[in-house]
Amino acid sequence: MSDVILALNAGSTSLKFSLFKLGPDGIDPTALADGEADGLPDCPHLRITAASGGIDTALDAGGYEAVLARVLDWIETHDSSMTLIGAGHRIVHGGSEFTAPVRLNKAITRKLAALNPLAPLHQPHNLVPVRVLGASHPHLPQVACFDTGFHASNAPLTTRYAIPREMHDAGIRRYGFHGLSYEYITSTLPKFLGDNADGRVVVAHLGGGASMCAIHQGRSVASSMGFSAIDGLVMATRSGAIDPGVLLYLMSERSMDEAALSDLLYRRSGLLGVSGISGDMRTLLASPTPEAREAVDLFIYRIGRELGSLVAALGGLDALIFTGGIGEHAASVRAGVCAGAQWLGIRLDEAANQSDGPRISDADSAVPVFVIPTNENLMIARHTLAVLRPQTEGRAKQ
């Protein structure tokens with residue numbers, strides 16, 4: 001029999017997942033299958049890719065319930081030797097209380113739902129599969145893995161805003177996000193950096209959501225994101241850092257309420273707002289319009305500004321890492337960032353950059369630069385296994 005873990009990453013219209021097999025020694029999980037359902041919640045389309053045969057099918061209706069029922073049915077019928085022992089979920093916000101992966105129950109799920117206002121694009125949707133699996137498979141252990149958790153190592157001063165103390169104590173502080181991605185990248189650094197893996201590293205996770213993280217000795221030191229996932233870099237449709245005075249102005253002079261501001265900052269700004277065309281970097285890079293070029297240039301400029309801030313927080317820089325959809329595949333964006341970082345002694349290898357690395361800096365670069373694909377689902381599986389390890393060890397002894 002083979003124990004398997006299902007890692008889930010739910011969005012507003014899609015559900016991405018991976019299935020991992022545990023080795024006989026219960027060590028690092030091995031990927032067996034990857035899948036995605038899009039078109040949620042109405043008429044989802046489900047794809048599962050596996051070496052031994054997957055599926056590609058449309059579901060008439062049923063939303064997350066139908067998708068997860070079909071996935072679990074595939075697991076049970078695809079290989080009778082597989083036993084699903086747990087499901088791990090990416091949960092964007094753990095707040096002040098949840099800084100490490102935790103086995104879910106109804107009380108914890110309610111606490112996580114109370115954090116929905118802090119990550120409205122993510123948290124409510126992250127929790128839907130938790131509830132669906134809890135109803136359909138009440139005895140299946142489920143584990144929450146938090147994007148904020150990796151940043152729990154930030155120094156108290158790093159997390160504070162200059163607001164009244166009681167507000168900070170009530171949880172209004174910097175949290176940081178994309179922690180599962182940064183944690184995975186950190187786990188790979190010995191392979192790429194050798195003895196410098198514990199050095200001063202900045203990782204740029206660039207995608208539809210984008211952030212950067214300063215890492216030293218394998219721990220988060222500072223992040224470009226703060227209280228919410230709006231802060232920091234320009235993103236696909238999110239504004240990134242913005243003067244709070246702009247919001248006060250929009251409230252007083254344009255009578256914008258909370259709902260209107262939320263829609264503006266989360267859905268109508270970023271690359272989409274600047275270009276007026278799209279929030280998709282691929283579309284903008286292919287567009288000849290000056291508005292598209294300005295959006296790309298602003299994206300790169302803000303990365304450069306944040307890089308300087310994070311290097312200051314680290315007191316120097318030993319490596320720069322690109323990851324995420326844009327970071328892994330947009331060579332021209334990486335080239336723009338590296339051109340602006342020549343003051344750090346960074347020198348780009350153009351041919352290596354066009355080939356997406358892994359090392360894209362030349363031999364004379366004072367700071368090595370790498371492209372490392374992230375794997376958040378593997379981190380979810382690792383965390384889930386760690387939380388459930390007493391259970392898996394007990395099964396192994398039977």
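Me: Is H122 buried or exposed?
Reply: H122 has 17% relative accessibility and therefore counts as buried (under 20% relative accessible area; exposed is over 50% and partly exposed in between, with a 1.4 Å probe and protein chains only). This is a predicted model, in which local features need pLDDT of at least 70 and side-chain atom pairs count only at pLDDT 80 or more, while totals for chains, interfaces and linings use all residues. Residues are numbered from 1 along each chain as its sequence is written, and side-chain values use heavy atoms, with hydrogens and water left out.

Me: Where does H122 lie?
Reply: H122 is in the loop that runs between α2 (106-113) and α3. Helices here are DSSP runs of H or I with at least four residues, strands are runs of E with at least two, and both are numbered from the N terminus.

Me: Which residues does H122 touch?
Reply: Leaving aside residues up to four places away in sequence, H122 touches V92 and R238; contact means heavy atoms within 4.5 Å.

Me: On to the helices. How do α1 and α3 cross?
Reply: The axes of α1 (residues 63-78) and α3 (residues 123-136) come within 10 Å and cross at roughly 60 degrees. Axes are lines fitted to C-alpha atoms, for helices over the stretch in contact, and angles run from 0 to 180 degrees between N-to-C directions. The two helices, α1 and α3, are therefore oblique to each other (under 35 degrees is roughly parallel, over 145 roughly antiparallel, 65 to 115 roughly perpendicular, and the rest oblique).

Me: Which residues meet there, in α1 and α3?
Reply: From α1, Y64, E65, L68 and L72 meet H125, V128, P129, V132 and L133 of α3. The residues of this contact divide into seven nonpolar, one polar and one charged (Ala, Val, Leu, Ile, Met, Phe, Trp, Tyr, Cys and Pro are nonpolar, Asp, Glu, Lys and Arg charged, and the others, Gly among them, polar).

Me: And what about α7 and α8, which residues meet?
Reply: L247, L250 and M251 in α7 meet L261, L264 and L265 in α8. That contact has six nonpolar residues, no polar and no charged. The axes of α7 (residues 244-253) and α8 (residues 258-267) come within 11 Å, crossing at roughly 140 degrees.

Me: Stepping back, how many helices and strands are there?
Reply: The protein has 15 helices and 13 strands. Of its 398 residues, 51% count as buried, and its C-alpha atoms fill a box of roughly 60 × 55 × 45 Å along the principal axes.
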